[in-house]
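Visitor: I have a model open here and would like to go through it with you, piece by piece. Could you start with whatever surrounds the ligand?

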Amino acid sequence: MDPPPVPPPHVIIFPLAAQGHVNSMLKLAELLAISGLRITFINSEHIHHRLLRHAHIQAHFAAFPDFRFKIISDGFPIDHPRSPDHFMTTFNYVKSITKQLFEELVSAPDRPVTCIIADGILTFTIDFAGDLGVPVIAFRTISASSFWACFCIPRMIESGDLPLKGDEDMDRDVTSVPGMEDILRCRDLPSFCRVADLSDQLLQYVTTQTLQTTAARALILNTFDQLEGPAISQIRTQFPNLYTIGPLHSHLRSRLSSSSPSPSSASNSLWKVDRSCIAWLDKQPPKSVIYVSFGSITTLNRHDFTEFWYGLVNSGRRFLWVVRPDSLAEGSSGAVPEELKEAAAERGCIVGWAPQEEVLHHGAVAAFLTHSGWNSTLESVVAGKPMVCWPFFADQQVNSRLVSHAWKVGLDMKDVCDREVVERMVNEVMGERQEEFAAAAGDLARRARNAASEGGSSWDNLDRLIEDIRSMKP
Ligand code: UDX
């Protein structure tokens, strides 16, 4: 009699409950599922509900019989409004239930667990899983460069680069982040570093979480070697088991086109996608539109919102702008000036949520005005679109510097919200410097697609990751 077939390795994937994190970890989950791994994806009830409604993920993942969702609470009722202010409450709640959650998953006799791929900021998973004898691989959803900058916070403190000395200090070069000496000024450091007091809770938290990642079995990053070489080589000195497998969305597209059963990747969208903007784009001349979006959590105050409106309208360019229903900070509501509305009706299109990847690949779109979230940055890189960056917080300050200074595919408007600056930068990227930026962005896009195609560095690294998981014993 033949021996019973060996079940595939079973990987638990555990993201932080936020769009940017779930988006990329779901793509990783799908990549692993395509390769025949058994997946359990831990999702918060709130996010899962929205993904079911707007991204139809149930039907999408039904194509993978070994793919399951494990739904958990994030500590709030399902319809409670979420904001970044809830982060610590959710974090602490999830931490409080994780030990029991892992015990339950690990003890299921029909699905022995091979390893856990946990969001790199949920480092408490490493100890809980370790107690059960299950290895954890950390996945950071931010850029390698910002991860490395966070990793170097203790060095920056030791060398005197931190704390920052105030506004007059912001253009000073940072010398204590190895590999990035030619790139980072104080103003380009992750936003957590902008504190006068080194005992600041968030700074402490980010530093601790980042250093604790070294306790994981390995580290996965959504980037590729040619994009962030200097930071990646430095990270390798601390994390010998490093898998750079991005850009994940491009990688997923390459693997889907060479496999079955899934015909296309899921949208992973938490909002209702308004496709009317594609019909609008179809009617615009080639390379005539600037696409504007500030991601899924950024909010603007009334002053910046108005200033930005004027800058965009005064540029005279056509624009497609995503204004989420919750884009304005609380208490900032008020009428948009009539003259702006008229201009918007003439040459603009405003939607609550766009199919961003599709928009960025549209021939009418010439450039992207972005908050420099890492997913948006990678999506723009793959689509070959120059960027105007207006970073808000976290890793975005680093990413926007990469765009303007390392890759030279756009401009960084960091720390300024002035209608004249917005107008000037939009016109530079859409006008006088369009060819220069478009050529550099086209070159970067080719490298990105090569990295994530068969034989490319990210493709090979994912194969290596899968082999390494297969060699682990459940
Ligand atoms: C957050 C942080 O802001 C970011 O800095 C960090 O790197 C990840 O976590 P978010 O603000 O949502 O993420 O930005 P980003 O990482 O760019 O992700 C936004 C995602 O939403 C992108 O995948 C983008 O395609 C998608 N999106 C955005 C849409 O699909 N439609 C839209 O209209 C706007």
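Visitor: Which helices each supply at least two residues of the shell around the ligand?

Guide: They are α1 (19–34), α14 (356–361) and α15 (374–383), where helices are DSSP runs of H or I with at least four residues, strands are runs of E with at least two, and both are numbered from the N terminus. This is a predicted model, in which local features need pLDDT of at least 70 and side-chain atom pairs count only at pLDDT 80 or more, while totals for chains, interfaces and linings use all residues. Residues are numbered from 1 along each chain as its sequence is written.

Visitor: And which one gives the most?

Guide: That is α15, which contributes four residues to the shell around the ligand.

Visitor: Which residues come nearest?

Guide: Gly 20, Gly 295, Gln 356, Gly 373 and Ser 376 come nearest, out of 24 residues around the ligand; a residue is near a molecule if its C-beta atom, placed from the backbone, lies within 6 Å of it.

Visitor: Let me move to β11. Is that strand enclosed or open, and why?

Guide: Strand β11 covers residues 365–370, and six of its six residues are buried, so the strand is largely enclosed by the rest of the structure. Buried here requires 20 or more other C-beta atoms within 10 Å of the residue's own, exposed means 12 or fewer, and partly exposed lies in between, with the C-beta atoms placed from the backbone.

Visitor: What does β11 pair with?

Guide: Strand β8 (residues 289–293) runs parallel to β11 and is joined to it by five bridges, and Val 292 stands opposite Leu 369 of β11. Strand β12 (residues 387–389) also runs parallel to β11, with three bridges between them, and there Phe 368 has Met 387 as its bridge partner. From β11 the chain passes through α15 to β12, making a right-handed β-α-β crossover. Pairing takes at least two DSSP bridges between two strands, and right-handed means that, with the strands pointing away from the viewer, the path from the first strand over the helix to the second runs clockwise.

Visitor: What sits in the loop between β11 and α15?

Guide: Ser 372 is located in that loop. Its phi is positive, about 70°, although Ser 372 is not a glycine, and it counts as buried, with 30 C-beta neighbours inside 10 Å.

Visitor: What about Lys 408, buried or exposed or in between?

Guide: Lys 408 counts as partly exposed, with 16 C-beta neighbours inside 10 Å. This residue lies in the loop between α16 and β13 (410–412), and its phi is also positive, at about 55°, although it is not a glycine.

Visitor: How many residues of α6 are buried?

Guide: Eight of the eight residues of helix α6 (residues 144–151) are buried, and the helix is mostly covered. Among them are Phe 147, Trp 148 and Phe 151.

Visitor: What covers them?

Guide: The cover includes β5 (136–140), α7 (153–159), α8 (201–212), β6 (218–221), α9 (229–238) and α16 (396–406).

Visitor: Finally, the whole chain: how many helices and strands are there?

Guide: The protein chain has 19 helices and 13 strands. Its radius of gyration, taken over C-alpha atoms, is 22 Å, close to the 23 Å that the globule rule (2.2 Å times the number of residues to the power 0.38) gives for 474 residues, so the chain is as compact as a globular protein of that length. Of those 474 residues, 46% are buried.

Methods: Contact = placed C-beta atoms within 7 Å.
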